[in-house]
Amino acid sequence: MRTVYVNGDYLPENEAKVSIFDRSFLFADGVYEVTSVLDGKLIDFNGHMTRLARSLSELGFTYKADIDELLEIHRELVKRNDITEGLVYLQISRGSAGDRDFAIKDDTPATVVLFTQSKSLIKSPLAERGQKILTYPDVRWRRSDIKTVQLLYASLLKTEAAAKGADDAWMVLDGYVTEGSSNNAYIVTQDNVIVTRQLSNDILHGITRKAVLKCAEELQLKVEERLFTVDEVYAAKEAFSTSASAFVCPVAEVDGKKIGDGTPGPIAKRLREIYIDANRATAI
């Protein structure tokens with residue numbers, strides 16, 4: 001049984017409790033981060049905490065994250081749960097002010113929850129064979145840059161895609177790909193240019209995205225941050241996604257159409273190798 005963290009206490013998971021009036025439960029009024037663990041160490045922790053602070057600020061939370069304290073909690077959970085490879089989830093809600101009320105009360109103490117998941121990250125059958133993707137309209141609220149716990153639409157898409165034999169969904173807004181259900185999306189053109197949508201309110205500002213683009217720069221690969229269409233995806237030489245839980249994950253097929261030869265491409269595979277090596281070296 002895992003040990004989890006709730007509001008200052010380390011508890012067995014079956015003893016952890018949050019109020020039924022918590023605003024994350026009633027209104028999805030909360031934010032979260034997911035930090036990968038390799039060799040028992042945290043990957044890009046500071047990047048995740050920087051984004052956490054931004055999410056809290058954008059939603060007007062009065063709670064201020066103590067990064068040193070959160071680092072200590074992350075490490076303690078990794079130690080207590082003997083996580084060599086996996087994930088640490090951090091979720092912060094605006095807490096419970098008693099009765100259900102749409103209006104936000106600024107003096108409500110935040111609810112802070114952390115838990116771990118043991119998961120194989122390096123050896124990934126999905127990365128080895130390449131993902132099958134289906135495209136869907138992007139009808140989310142237009143602040144996808146904030147990492148909130150409101151993940152219902154993404155959950156519905158991923159579930160529908162799985163029911164149709166696919167691995168994930170990529171969303172499309174006004175004819176252009178935004179991102180995957182829980183990842184950033186990329187194509188590689190026929191002349192080996194990596195294309196991914198530019199940062200805006202329409203996509204999550206991925207921590208892994210930032211690191212992978214740096215890896216691409218070090219490999220002297222050309223990168224264009226711009227809009228790209230579904231037809232460009234179909235015509236691409238390669239495609240892939242990035243996320244904290246899957247690193248760089250190649251795409252083999254989109255909407256039933258093979259990307260390239262229908263197998264993981266060399267650029268995506270190389271970026272995955274470089275990303276893993278670089279982040280292992282800097283993990284804390």
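How much space lies in the largest cavity? The largest cavity holds about 70 Å³. The model is predicted, and a search of the whole structure finds three cavities of 30 Å³ or more. The protein chain has 284 residues, and its radius of gyration of 19 Å agrees with the value near 19 Å that a compact globule would have.

**Largest cavity**
- The lining consists of F21, R23, L26, F27, A97, G98, D99, R100, D101, A103 and K105.
- By class, five of these lining residues are nonpolar, one is polar and five are charged.

**Second largest cavity**
- About 60 Å³ of space lies in the second largest cavity.
- Its lining is made up of G60, F61, T62, Y63, S93, R94, I104, K105, D106, T108 and A110.
- The lining of the second largest cavity divides into four nonpolar, four polar and three charged residues.

**Fold and dimensions**
- The protein chain contains eight helices and 15 strands.
- Along its principal axes, the C-alpha trace spans about 55 × 40 × 35 Å.
- Of the contacts with a separation of 6 or more, 72% are between residues 24 or more positions apart.

**Burial and surface**
- Buried residues account for 48% of the 284 residues in the protein chain.

How values were computed:
Residues are numbered from 1 along each chain as its sequence is written. This is a predicted model: local features need pLDDT of at least 70, side-chain atom pairs count only at pLDDT 80 or more; totals for chains, interfaces and linings use all residues. Side-chain values use heavy atoms; hydrogens and water are left out. On a 1 Å grid over the protein atoms alone, a cavity is a set of points where a 1.4 Å probe fits but cannot get out, and a pocket is an open set with protein on both sides within 12 Å along at least five of seven lines; lining residues have an atom within 4 Å of a point. Grid points are joined across faces, edges and corners, and a volume is the space filled by probe spheres set on the points. Ala, Val, Leu, Ile, Met, Phe, Trp, Tyr, Cys and Pro count as nonpolar, Asp, Glu, Lys and Arg as charged, and the others, Gly among them, as polar. Helices (H or I, at least four residues) and strands (E, at least two) are DSSP runs, numbered from the N terminus. The radius of gyration is taken over C-alpha atoms; the globule rule is 2.2 Å times the number of residues to the power 0.38. Buried means under 20% relative accessible area, exposed over 50%, partly exposed in between (1.4 Å probe, protein chains only). Contact means heavy atoms within 4.5 Å.
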